Amino acid sequence: MWRAIAVLRPHAVGKGDSAIVKICPLASSSAGNSTYVATSRTRILVDAGLSRTETFRRLAEIGEDPEALDAILITHEHNDHVMGVHRIARKLDIPVYLSRLTATAIVWEGEPPAIETFQAGSSFSIGDIEINSFTIPHDAIDPVGFTLRAEGMKIGLATDLGYLPESIRHHLRGVDFLLLESNHDLEMLKVGPYPWSVKQRVMSRRGHLSNEVVSKFIEDGLDASVATLVLGHLSEHNNHPEIVRLVAQQALSARGLSTQLVVAEPGKQAPAFSF
Ligand SMILES: [Zn+2]
Ligand SMILES: [Zn+2]
């Protein structure tokens with residue numbers, strides 16, 4: 001059972017490591033998003049918001065061969081999630097999975113990569129990873145989050161959402177590993193450098209989750225099944241990793257949860273988690 005080994009702390013793993021499932025947020029911030037998920041048979045990226053060169057460099061950093069990638073999954077068409085997708089997919093000749101509507105929102109320059117479309121809300125498999133997509137409230141054409149199941153483990157990936165409706169809380173039940181957005185500190189956003197229209201957009205129900213909303217979710221919605229919680233997609237201008245850590249840790253402590261908490265810092269690669 002995966003749960004029996006869930007207490008393992010994440011560590012940098014290299015080639016030949018016997019991890020069953022390996023997860024690494026290569027980047028998670030408003031400047032670029034890409035998460036690597038691998039089993040012994042299947043290796044995918046969820047989003048490709050870094051350049052090809054940087055993506056390959058970060059994969060090599062955790063001992064992974066970029067050439068071994070099988071597919072790329074896309075959550076939505078914003079540049080911080082798709083900036084590198086074309087070049088990576090074309091270079092490796094691997095398919096890009098994205099929702100039917102999102103596919104129409106991306107303009108490919110030159111020959112497009114192989115595209116596999118799905119209906120937002122549907123489930124499908126890539127190798128031995130089962131993927132379930134779910135609609136998220138965000139100002140893109142058809143944005144989705146994902147839960148992935150592999151080797152008895154359930155992984156939740158939910159960034160870029162204005163709020164956490166019951167439907168998403170439902171999808172995140174039973175998750176063992178959760179990458180959740182904690183985008184901005186409300187006070188920092190209010191006094192920060194963005195024009196008012198952008199502030200309104202970020203704060204709206206189709207914008208991004210604040211530290212305050214995440215704290216509330218930890219207190220009343222986070223499933224106790226979550227052994228590892230990674231908070232990501234931090235704004236570089238309107239948040240600070242230490243504030244995110246403090247606010248979330250207080251909420252976890254209030255719940256009496258010993259969930260492992262990791263904050264993905266903007267510009268830095270998060271650790272590789274192996275289970
Ligand atoms: Zn984003
Ligand atoms: Zn977005």
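These legends describe close-up views of a predicted model. Local features need pLDDT of at least 70 and side-chain atom pairs count only at pLDDT 80 or more, while totals for chains, interfaces and linings use all residues. Residues are numbered from 1 along each chain as its sequence is written, and chains are lettered from A and ligands numbered from 1 in the order in which they are written.

**View 1. Helices H8 and H9 pack with a right-handed crossing.** H8 covers residues 211-220 and H9 covers residues 241-255. Helices (H or I, at least four residues) and strands (E, at least two) are DSSP runs, numbered from the N terminus. The two axes come within 8 Å and cross at roughly 20°. Axes are lines fitted to C-alpha atoms, for helices over the stretch in contact, and angles run from 0 to 180 degrees between N-to-C directions. H8 and H9 are therefore roughly parallel to each other; angles under 35 degrees count as such, over 145 as roughly antiparallel, 65 to 115 as roughly perpendicular and the rest as oblique. A crossing is right-handed if the near helix is turned clockwise from the far one by less than a right angle, and left-handed if anticlockwise. From H8, Asn 211, Val 214, Ser 215, Ile 218 and Glu 219 take part in the contact. Their partners in H9 include Ile 243, Val 247, Ala 251 and Arg 255. Two residues are in contact if their C-beta atoms, placed from the backbone, lie within 7 Å. The residues of the H8 contact with H9 comprise 9 nonpolar, 2 polar and 2 charged. Here Ala, Val, Leu, Ile, Met, Phe, Trp, Tyr, Cys and Pro count as nonpolar, Asp, Glu, Lys and Arg as charged, and the others, Gly among them, as polar.

**View 2. Ile 44 sits in the largest nonpolar core.** This core has 72 residues. A nonpolar core is a set of buried Ala, Val, Leu, Ile, Met, Phe, Trp, Tyr and Cys residues joined through C-beta atoms within 7 Å. Val 37, Ile 44, Ile 72, Leu 73 and Leu 231 have the most contacts inside it. Beyond four places in sequence, Ile 44 touches Val 37, Leu 69, Asp 70, Ala 71, Ile 72, Leu 73, Ile 126 and Ile 129.

**View 3. Asn 33 is a buried residue of strand S2.** The strand spans residues 32-38. Asn 33 has 29 other C-beta atoms within 10 Å. A residue is buried at 20 or more such atoms, exposed at 12 or fewer, and partly exposed in between, with C-beta atoms placed from the backbone. Contacts of Asn 33 beyond four places in sequence include Asp 47, Asp 80, His 81 and His 233.

**View 4. Asp 93 and Glu 151 have positive phi without being glycine.** Phi of Asp 93 is near 55°. This residue lies in the loop between H3 (85-92) and S5 (96-99). Asp 93 is exposed, with 8 other C-beta atoms within 10 Å. For Glu 151, phi is about 50°. Its loop joins S9 (144-150) and S10 (153-158). Glu 151 is partly exposed, with 14 other C-beta atoms within 10 Å.

**View 5. Phe 118 belongs to strand S6.** S6 covers residues 115-118. Phe 118 is partly exposed, with 18 other C-beta atoms within 10 Å. Beyond four places in sequence, Phe 118 touches Tyr 97, Ser 99, Phe 124 and Ser 133.
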